[in-house]
Amino acid sequence: MLDVGRHPMIDILAYSELESVEGESSSFKATIRKKSRYVNASICNACGDCVAKCPVKVKNEFDMNFGVRKAIYQYFPQGIPSIMTIDGTKCLKITQNKCGICSKACVKGAIDYEMKDETVEIEVASIIIATGFDMLPVSHLTQYGYGKIKNVITGLEYERLINATGPTEGHLYRPSDKKLAHKVAYLQCIGSRDQNNCAYCSSVCCMYSIKDAMLAKEHDSEAEGYIFHTDFRNVGKWFQNYEKKGKNDYDIKYIRGRAAEITEDADNNPIVFYEDTKTQEIRQLTVDLVVLATATIPSKGFQELARKLRIETGKDGFVQTNSRLPVSTSRKGIFACGFCIAPADIPESVAQGAAAAGLAAQIALSRAG
Amino acid sequence: MEETRIGVFVCKCGTNIAGFLDVSDIAEYSSTLPDVVFTKVNLFTCSEAGISEIKNAIVQHNLNRVVVSACTPRTHEPTFRAACQEAGLNPFLFEFVNIREHVSWVHKNDREKGTKKARDLIRMGVARAALLEPKEFIEVPVLNEAIIIGGGVAGLSSAVSLAKRGFKVHLVERSNKLGGRLLDLNIIQPEMTSAKGIIEDILHEAENLPLINIYKGYKPVDLKGCIGAYKMIVENSKKETKEIDSGVIILASGTRMLDPSPYYGYNGRNIITQYELEKLLSNEDLEINNNVVMIQCVGSRNSENVFCGKICCMEAIKNSILLKERDDRIDVYIIYRDIQALGHENERLLRKAKNLGVRFIHYSAEKPPEVTKDAVKIYSDILNREFNIPYSLAVLATPQIPHSDAQELSRILKVPTDENNFFLEAHMKLRPIDFATDGIFICGSARWPCTVNEAIYQAEACAARASIPLGNGKVKVEPINSLLDEDICRGCGLCVSLCPYKAIELVNTDKGKKAKIIIAACKGCGVCGSTCYRHAITMSHYKDEQLLAQIEACFKE
């Protein structure tokens with residue numbers, strides 16, 4: 001990311017949305033709306049004086065709402081470009097014309113409450129879509145109790161908890177009582193491979209759940225991991241070894257069975273009801289924490305973007321490509337890579353990124369002559 | 001002489017370092033070391049904020065050496081070097097001290113001793129930094145031609161892609177025909193398009209591009225040189241050789257199918273492989289009058305081949321659909337351990353097969369099926385019952401495995417393989433199509449079993465990566481190479497035989513035989529420098545005095 005940020009040939013338009021695209025391959029004209037940060041990007045050096053003084057506390061989206069941030073904030077510490085942004089929906093000065101403390105705190109005078117969105121037009125030879133994914137909201141899957149049972153969280157929320165720079169500094173403190181969770185169940189196919197939700201396989205969850213359970217064990221030698229799966233889909237390079245390592249070296253229990261329901265006991269411990277399909281027994285398991293591997297879906301707003309770009313999407317809402325032209329969209333000069341084509345892991349996304357870059361560059365170079 | 005002014009930056013790496021070591025003690029200690037005029041603690045030195053602090057400090061405090069004690073050079077050395085350069089300091093006056101992998105992560109339980117070790121390492125880094133010398137990157141010209149090994153879908157796709165960009169391509173294929181595995185396949189899922197259609201399309205493109213030179217029946221036997229100037233010898237079955245020059249190499253040598261004969265009474269007639277079924281299915285007159293039983297994970301996911309064949313489940317599902325669509329009266333059974341139908345298209349095909357009436361029966365590795373003369377006996381642990389299924393065709397899903405000469409190719413190209421003999425890329429996640437050796441790239445199933453779709457985008461990715469040096473016509477090589485003092489060298493040739501990169505050769509000079517270092521090929525590993533009994537070779541960025549100063553500092557405290 002830092003390499004991209006520092007590259008002299010890369011112009012970053014962060015906090016921006018594509019409005020429209022006209023023209024055709026080798027001469028597209030893109031209209032982009034740069035959303036107002038209320039902070040002058042050329043002055044701000046992200047010193048953080050404004051953040052320290054800002055009185056408004058808001059849930060921190062980057063920490064999956066576990067922690068808090070201020071109304072003036074940086075999305076995350078290593079983010080690029082390294083500048084502050086005022087959340088216009090939360091800032092007291094912008095919403096109620098009160099406060100204004102950050103402007104006083106900023107010795108460089110970077111704050112500008114009057115700043116408006118700016119529209120820029122750029123001419124490009126080709127376009128690459130790499131919009132990634134979001135997680136399927138699962139509170140409607142009431143059998144899992146997400147949103148009601150405090151100690152049922154999603155895989156992405158777990159990522160923030162187990163992360164050394166996250167809201168709990170890497171300790172697996174469970175939401176209900178902030179006590180260390182030792183016994184954790186990881187449930188696969190939550191909304192994936194489910195005809196009523198996402199009929200497809202999200203592809204990355206089996207492996208990340210093994211990783212999650214290993215991390216828990218590395219942080220806490222008393223950790224116990226239980227992965228509930230149907231088909232255990234670990235096909236990538238060395239993934240089978242990883243699966244074995246999880247079982248043999250980390251003592252993770254792999255249970256073939258989809259959880260049917262989760263309830264909780266008086267101490268807020270989730271109880272997982274399931275059938276162990278290998279023994280045909282209906283069982284229950286009381287744990288400290290449940291992690292749901294929720295389905296991955298095309299990122300929010302992607303369908304609208306696809307309409308603007310006039311590219312075809314498939315039944316599940318991902319970019320339509322084919323085996324012969326795996327990173328090309330239905331429109332000439334527009335390419336795609338990563339999760340927006342289909343659920344993909346890191347090496348797949350990286351290779352697709354290089355492929356798309358090569359094809360996009362070819363158009364740009366032939367235009368340049 | 002200019003006064004030595006060292007700046008030390010101590011990174012907290014969030015809590016990765018600060019959680020286990022006393023970072024402020026380390027910083028305070030660093031400021032007492034000789035020549036250190038500036039110290040700073042950062043939350044993330046690698047963040048944009050951290051980088052600008054380094055740059056500002058260089059300018060404001062007139063630093064002429066920078067030491068960052070943080071993570072590993074593998075992740076951020078280029079970043080910090082670039083920061084130095086942008087602030088006007090030669091990037092080789094930068095020294096990296098690793099207090100994360102070498103200290104905080106491995107001494108999590110002993111804060112005091114960990115902190116002491118970090119102090120020691122920084123003291124050593126500072127001692128070496130004081131003696132660093134400015135260096136310039138070396139530019140090496142790149143011949144704008146590529147060698148591609150393998151004429152299957154991956155090799156051909158990258159050849160077409162490179163030739164379209166105007167680069168000459170030398171395509172080396174060991175067999176006498178191009179097209180590889182796809183020539184034998186029938187239909188490609190998920191689109192259910194003709195395999196021959198895909199490969200003929202690519203072949204047609206390749207044949208119409210005059211920049212592609214094809215060497216059929218040849219395989220590599222020797223390789224010299226390095227990025228920019230490779231010289232490959234290829235040989236055919238008549239032992240005739242040709243020499244090919246190129247700037248880069250793309251390896252797309254593919255795989256072979258595992259020999260099925262040890263498994264389940266394979267006979268090639270009514271007990272065949274899934275791969276052989278492909279050929280049968282392209283035959284219009286195929287007659288099957290009884291059940292077809294497909295057995296998955298044959299010779300894979302076992303102790304011999306730990307890996308999953310990756311594409312076999314979808315191949316079985318696809319073929320089961322084709323069989324059912326051909327004749328609905330055929331009963332098809334797929335006996336599986338885990339159905340690998342990843343992604344959105346594949347899951348749809350799995351459902352289609354189920355809707356067409358294909359039966360899926362689960363088995364566990366402990367109780368594999370038995371194939372007798374006329375039936376497949378299988379215990380389903382999920383249903384807790386045994387099936388005895390008569391068959392007219394039993395189909396074994398054997399995996400692709402590396403070629404038997406993968407090791408030889410690995411030796412010739414000096415690129416590594418993994419424990420299964422698949423070629424091993426530079427970084428499993430972040431550099432999936434590069435080798436650690438500059439100028440050699442990898443795509444297709446030689447890296448890991450893959451679908452046609454994956455082979456094609458990996459090939460496009462290789463072409464894209466290869467286009468960078470080919471298009472620039474030059475590459476920058478890090479100046480950490482070995483240096484030879486010709487007056488001292490006796491031309492004994494010891495270094496020539498020990499160099500793992502073939503970067504040293506013996507040449508005749510006016511003063512007799514002397515070693516000659518090919519700078520572009522030298523990786524600066526130091527084998528030659530440490531073995532030369534005449535001390536004629538020094539390492540340009542790891543000089544004896546720099547290393548000795550570091551060692552002395554280690555015991556100084």
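Before anything else, a cut-off I need: I call a residue buried under 20% relative accessible area, exposed over 50%, and partly exposed in between. By that rule Asp117(A), with a relative accessible area of 41%, is partly exposed. I also keep in mind that this is a predicted model.

Entry: the Asp117(A) pair. I looked up the partner of Asp117(A) and found Arg33(A), the two side chains meeting in a salt bridge at 2.7 Å, N to O. The pair links distant parts of chain A: Arg33(A) is in strand β2 (residues 27-34), Asp117(A) is in the loop between α4 (101-105) and β7 (118-124), and they are 84 residues apart. I noted Arg33(A) as partly exposed, because its relative accessibility is 24%.

Entry: the interface. How many residues of chain B are in contact with chain A? I get 70 residues of chain B against 58 residues of chain A. The area buried between the chains is about 5400 Å², with carbon and sulfur atoms giving 55% of that. On the chain B side, Glu48(B), His344(B) and Tyr457(B) lose the most area to chain A, together 13% of what that side buries.

Entry: I count 6 salt bridges between chain B and chain A. One I looked up is Lys237(A) with Glu425(B), the closest N and O atoms being 2.6 Å apart. Which helix of chain B gives the most to the side that touches chain A? That is α12(B), with 9 residues. By class, I have 33 nonpolar, 14 polar and 23 charged residues on that side of chain B.

Entry: a network. I found Arg193(A), Asp231(A), Arg233(A) and Glu347(B) linked in a network of salt bridges. Arg193(A) lies in the loop between β11 (183-190) and α6 (205-219) of chain A. I have Arg193(A) down as buried, because its relative accessibility is 16%. Its phi is near 50°, a positive value in a residue other than glycine.

Entry: another positive phi. Gln280(A) has phi near 55°, and this residue is not glycine either. I found Gln280(A) in the loop between β15 (270-276) and β16 (281-286) of chain A. Gln280(A) is partly exposed, at 30% relative accessible area. I flag such cases because most residues other than glycine have a negative phi.

Entry: salt bridges within chain B. Arg81(B) and Glu77(B) meet at 3.5 Å, N to O. They are 4 residues apart in helix α3 of chain B, so about one helical turn separates them. Arg81(B) is buried at 8%, and Glu77(B) is buried at 18%. Next I looked up Arg174(B) with Asp405(B), the closest N and O atoms being 2.9 Å apart. These two are 231 residues apart, each in a loop of chain B. Is Asp405(B) buried or exposed? Asp405(B) is buried, with a relative accessible area of 15%, while Arg174(B) is partly exposed at 39%.

Entry: cis bonds. I found a cis peptide bond joining Ile80(A) and Pro81(A), omega about -10°. Gln189(B) and Pro190(B) are also joined by a cis peptide bond, omega about 0°. Pro81(A) sits in the loop between β5 (72-73) and β6 (85-86) of chain A, and Pro190(B) in the loop between β8 and β9 (193-194) of chain B.

Conventions: Residues are numbered from 1 along each chain as its sequence is written. Chains are lettered from A and ligands numbered from 1 in the order in which they are written. This is a predicted model: local features need pLDDT of at least 70, side-chain atom pairs count only at pLDDT 80 or more; totals for chains, interfaces and linings use all residues. Side-chain values use heavy atoms; hydrogens and water are left out. Contact means heavy atoms within 4.5 Å. Buried area is the accessible area (1.4 Å probe) that two parts lose on being put together, summed over both. A salt bridge is a side-chain nitrogen of Lys or Arg within 4 Å of a carboxyl oxygen of Asp or Glu. Ala, Val, Leu, Ile, Met, Phe, Trp, Tyr, Cys and Pro count as nonpolar, Asp, Glu, Lys and Arg as charged, and the others, Gly among them, as polar. Buried means under 20% relative accessible area, exposed over 50%, partly exposed in between (1.4 Å probe, protein chains only).
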